[in-house]
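Have a look at the sequence and structure first, and then we will walk through a few features together.

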Amino acid sequence: MSLKQNQKQVDEWIANFKLGYFKPLESLARLTEETGELAREINHRWGPKKKKDTEDLKDLEDEIADIIYTLICLANSQDIDLDKAWDKMMDKLYTRDKDRYERK
């Protein structure tokens with residue numbers, strides 16, 4: 001599924017509710033919250049702060065998907081075509097950053 005298809009799927013779901021998309025600062029707050037949940041899970045698995053025996057491991061894929069969904073909501077609310085944005089970012093990697101890192 002392309003990013004455009006993901007954006008359409010999210011937009012169709014959001015269209016079912018009066019609230020609509022959050023305002024940009026609300027989306028950013030939610031993105032920060034979701035990123036914090038991913039960071040906490042990574043820290044519990046590979047960092048010095050381990051979970052308590054009473055805490056369950058969360059799925060990394062769920063935490064990453066929450067971030068992607070929130071970013072898609074923000075992009076949709078601002079009429080950003082993520083396929084175009086992605087292509088632009090990859091072009092930057094292949095041109096500006098092509099010699100930035102040591103190759104294998």
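## A helix that fits its length

Helix 2 has 23 residues, so at 1.5 Å a residue it should span 33 Å; its end C-alpha atoms lie 32 Å apart, which agrees. Keep in mind as you read on that this is a predicted model.

Now for the side of helix 2 that is hidden away. Ser27, Leu31, Glu34, Leu38, Glu41 and His44 are its buried residues, and helix 3 is among the parts that cover them.

## The nonpolar core

Which residues make up the largest nonpolar core? There are 6 of them: Val10, Ile14, Ile72, Cys73, Ala75 and Leu82. Helix 1 and helix 3 are the elements that each supply two or more residues to this core, and helix 3 provides the largest share, with 3 residues.

Leu82 is worth a click in your viewer. Setting aside neighbours within four places in sequence, Leu82 is in contact with Leu3, Gln7, Ile72 and Ala75.

## The largest pocket

The volume of the largest pocket is about 170 Å³. Helix 1 (3–14), helix 2 (24–46) and helix 3 (60–77) are the elements that give two or more residues to its lining. Helix 3 gives the most, with 3 residues.

Methods: Residues are numbered from 1 along each chain as its sequence is written. This is a predicted model: local features need pLDDT of at least 70, side-chain atom pairs count only at pLDDT 80 or more; totals for chains, interfaces and linings use all residues. Side-chain values use heavy atoms; hydrogens and water are left out. On a 1 Å grid over the protein atoms alone, a cavity is a set of points where a 1.4 Å probe fits but cannot get out, and a pocket is an open set with protein on both sides within 12 Å along at least five of seven lines; lining residues have an atom within 4 Å of a point. Grid points are joined across faces, edges and corners, and a volume is the space filled by probe spheres set on the points. Helices (H or I, at least four residues) and strands (E, at least two) are DSSP runs, numbered from the N terminus. A nonpolar core is a set of buried Ala, Val, Leu, Ile, Met, Phe, Trp, Tyr and Cys residues joined through side-chain atoms within 4.5 Å. Buried means under 20% relative accessible area, exposed over 50%, partly exposed in between (1.4 Å probe, protein chains only). Contact means heavy atoms within 4.5 Å. The expected span of a helix is 1.5 Å times one less than its number of residues.
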